[in-house]
Amino acid sequence: MNQEAPLFFPLNRPQYVPAAEVLVSALVWGSGRWAYGDDNVHASRFLGESDKEGVVISAPNTSEKQIAFAKVLRSYGMQTEASDEVLVRAVVSGITGVRSAKAKTVPVSPMTTHLALAQSLRGVLGAKNPPDMAGVLETMFALGESESRPGGPRISMASRWVLAADLRMVDDPVLRATDTAMASGLGLKSTGTDRVSLDESSLAPWRGQLRETPYGWLHDQWVKLTSPEWVEALPPRVWTDWCTTVLRMGIAFGFLFESRWFEAVGRSILSGDDVPLSMLDSSAPLLQWPGARLPVSSRNNKPQMRRMVGGGVLTRAALQDYFGSGSDVTLQDALQQARRDPELKQAVRDALSGRSWPGSCKNMYETILYSLQQRDSSTEVDYYGLLRKHGNRYSVIQPGTEWIAVIASLACDEPSGETNLGQVLATLGQLGLRPELLELVKALEAAGLAQGSADADRGVRVRSAY
């Protein structure tokens, strides 16, 4: 490992977002391209209770809003003999996202730019200062770049998504009409060009070192998914769901990777050994994916996640207290200084002991767990989750069929293409997963993407779902 690597990843602290659709909205708002025209309006949620000051409902939920919404829809050619209320209700039903069983808000499915802007983190969370999840995602995306990134300005995740969403509307009059109707009710103003700004000095030392990590996975899958080929191949709702799946997995495995890094750094401080080379790639899995033949208790990922998060979060905090927030200290200098300081070594020892579990650990653990876990919904099944809950004690890897479809399809070079089992395993390895060969074949067979056999090998052909 390059001991001159920085000690800290330049990542802000996260918070669990109750609806994955809002991650897309956070990215679009984070681009800085739009602002509310009314300075008194600072946040929005699509449906639900407007129980927080400054939070408004963006859906056409009143008679006046429905009339205005329907007027725009009809002007774009959506003709029906039904009343404005029925027309609007049908459109709203088609754009409503997945509602979690205990959530107080209902998200919109961000299939277009103004649908994405119909909700914000502040509105959904009801928090005046929500976490900068857009900044987290944009930073993870940048950390995953190759060393030979083309010169010129970086194209942000938000810009890639907006360009893709605009392309999608070109041949879809229904989406165009819906987007325009939503835009007319939001009262937004354009602020100009993309204003995503990242600290290049904190990113530069990492460039090219994190390709075989969840950051590289997030970068590659997002670039592919927002390309014209995939935008045109996927139905609007499917494309949007695949985008939210990539963001969910990027957030979860990105922070798991950071936690494992600091856990390894802490153990290196105490042992005197170097940090293993495998800490800068995913050769060691972040989560265990054993065969379904084993009992649920043996496949439970919660204890491993809690240990990794607790040790990583608290070790990071101890080192940050010592070296200072935003420190550019290198790994080598940090190890040398920490080993000479008895108080810091004791702080690291306490961090790795597992005895303490403050709010910072809880926030990180819930962010990771609930991003991976299939969401409890009162209306539909979440097929895009990786973990399935078994009671309150266990969460095991049992991917939904659509989750497998996303992973396998994006392992192909192009839509309607084919790849092989070895490439799918390589993609999963980049994310931090090492499933048994036959276990993966079973999941691909269940999704209708491969046909395996008892002696299946890495050459098994795998088809794209679209």
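This is a predicted model: local features need pLDDT of at least 70, side-chain atom pairs count only at pLDDT 80 or more; totals for chains, interfaces and linings use all residues.
Rolling a probe the size of a water molecule over the atoms shows where empty space is left. In this model, the count comes to one cavity of 30 Å³ or more, and about 100 Å³ of space lies in the largest cavity. Its lining is made up of 14 residues, among which Tyr16, Val17, Ala20, Arg248 and Ser371 are the closest to the centre. Two elements, α12 (236–271) and α17 (359–372), each give two or more residues to this lining, and α17 gives the most, with three residues. When the lining of the largest cavity is sorted by class, nine residues are nonpolar, three are polar and two are charged.

The largest nonpolar core comprises 138 residues, and those with the most contacts inside it are Leu7, Trp161, Trp242, Phe253, Trp261, Trp403 and Leu433. The largest share of this core comes from α12, which supplies 18 residues. Apart from its neighbours within four places in sequence, Leu7 is in contact with Trp261, Phe262, Val265, Leu319, Phe323, Val329, Thr330, Leu331 and Ala334.

One of these partners of Leu7 is Thr330, which is placed in the loop between α14 (302–323) and α15 (331–340). Thr330 has a relative accessible area of 14% and is therefore buried, since the cut-off for that term is under 20%. The side chain of Thr330 also reaches the backbone nitrogen of Asp333, at 3.2 Å.

Methods. Residues are numbered from 1 along each chain as its sequence is written. Side-chain values use heavy atoms; hydrogens and water are left out. On a 1 Å grid over the protein atoms alone, a cavity is a set of points where a 1.4 Å probe fits but cannot get out, and a pocket is an open set with protein on both sides within 12 Å along at least five of seven lines; lining residues have an atom within 4 Å of a point. Grid points are joined across faces, edges and corners, and a volume is the space filled by probe spheres set on the points. Helices (H or I, at least four residues) and strands (E, at least two) are DSSP runs, numbered from the N terminus. Ala, Val, Leu, Ile, Met, Phe, Trp, Tyr, Cys and Pro count as nonpolar, Asp, Glu, Lys and Arg as charged, and the others, Gly among them, as polar. A nonpolar core is a set of buried Ala, Val, Leu, Ile, Met, Phe, Trp, Tyr and Cys residues joined through side-chain atoms within 4.5 Å. Buried means under 20% relative accessible area, exposed over 50%, partly exposed in between (1.4 Å probe, protein chains only). Contact means heavy atoms within 4.5 Å. A polar contact is a pair of N or O atoms within 3.5 Å; within protein, one must be able to donate a hydrogen and the other to accept it, and residues adjacent in sequence count only if both atoms are side-chain atoms.
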